[in-house]
Amino acid sequence: MAKNIDYGRAVLVIGAGAPHSSLMAGALCAVWKAGRTFHTIYTAGAGGLMGMLFAAPANGDPEKALRSVPDMGVSDEIYQWFPVNYKAFFKSSPYTQAFRHWARRFHIPESHGEYEPYSSHGGGPWYPWPPFGWWPFFPWHHHHHHHSAYWRRLYNDWIDLWFSALTPTDLAYSSEGLCDPLPFLEEMVSFKALKYFHGDFYLNAYNITRDRVDLFAKDVLTPLHFRAALASPFIYPPVTIGDQTYYEGADRSPIPFHHFKDIRLFPKVGIVAIMDILGALGKSLVRRPRNLWDAYLISIVTPIVSLAKRDLGSFTMFLDEEADKRDHGPKLHHELFDFRVPADLASNLLDWRYSNLRRLWDIGYEAGERFIHDFGKELPLRPKAPPEPES
């Protein structure tokens, strides 16, 4: 008779990093597709958004939410002339949301009838003309789905570019950040559903009032806490909660492990899965720049890469020491997701072009499949459906 093996609690640690968070999204999607999950998830920076798409997406479908991450990229034809992700970073403005939603009225939907105009009985959003009645007459409408998606994405991204440019801004010398902080957040994740996630979930933030890294648990996480945890200096303004002011946790701890030793039930932890991009792929991120804009992006990521390498080394050393001390209970070990980025793509990890994010997602998915093949049996089975928050 086969002996039941106690694999212990499975912990996932998701480090910071964007736009290469598509790697994380692909890997998490592979874990979800395999029917597995984790007992505890620690996150930092953009890894927090990827973790929430896995744990509590707004649409209730983690697979669909994670597969849509490359759509945050910009069509190649536009990006080659304007290499800025205006779809993810919006002008600081009280009109940002209004212009975002107005632009969507002009988008071509994925399928005819996806949008419904407002009526006296309620329904979908209003459009300046009958909702895309002209769409079936476009010459590419009856072509292969791939070509249809290509033209749709190019057109929609072009519309977004114009509306982004037309959005009035209140940016001034006294402003604390360039961009409106994550106006799309509530459209992607559900903070109510997160509270019913079957495991523990944490997101770190740097408390600049007390000069320490704080950890927000799922029971206290709100959109305000999330924006505080991603408030990158100069890009997003700091966020004040109560009498405490915060910046992005990844600026101090891109591998969010500093509170790990305090985790309750730590003696019962078995596998610690580490999803690290900044440290593992640091040589591809910190390199000779291709142009002036690339040099600016490298200047942002260089100090965080250094911190990630430091954190990863400290964290794995801590886990090895704890594993040596343990003489009973489940075997404690740490494993990294193996992201095999080819040489021709290595210098593009900071690019937001759609084709780049699409390739990174596929690479991440393959890394997730390898992880499941090697360690999937140590991960708990996920519920068949995400938990529904109580009304």
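Trainee: What should I know before we start?

Mentor: Residues are numbered from 1 along each chain as its sequence is written. Because the model is predicted, local features need pLDDT of at least 70 and side-chain atom pairs count only at pLDDT 80 or more, while totals for chains, interfaces and linings use all residues.

Trainee: Which way do the residues of β2 point, and are they buried or exposed?

Mentor: Thr40 and Tyr42 point one way, Ile41 and Thr43 the other, and all are buried. Buried means under 20% relative accessible area, exposed over 50%, and partly exposed in between, using a 1.4 Å probe and protein chains only. By that rule, 53% of the 391 residues of the protein chain count as buried.

Trainee: How do you know that β2 pairs with β1?

Mentor: Two strands pair if DSSP finds at least two bridges between them. Four bridges join β1 (residues 9-14) to β2, so the pair qualifies, and these strands run parallel. Val11 has Thr40 as its bridge partner in β2.

Trainee: What about β5?

Mentor: Four bridges also join β2 to β5 (residues 200-207), again parallel. The bridge partner of Ile41 in β5 is Phe201.

Trainee: Why is the β-α-β unit called right-handed?

Mentor: A crossover is right-handed if, with the strands pointing away from the viewer, the path from the first strand over the helix to the second runs clockwise. β1, helix α1 (residues 21-33) and β2 make such a right-handed unit.

Technical notes: Heavy atoms only, no water. Helix = DSSP H or I, 4+ residues; strand = E, 2+ residues; numbered from the N terminus.
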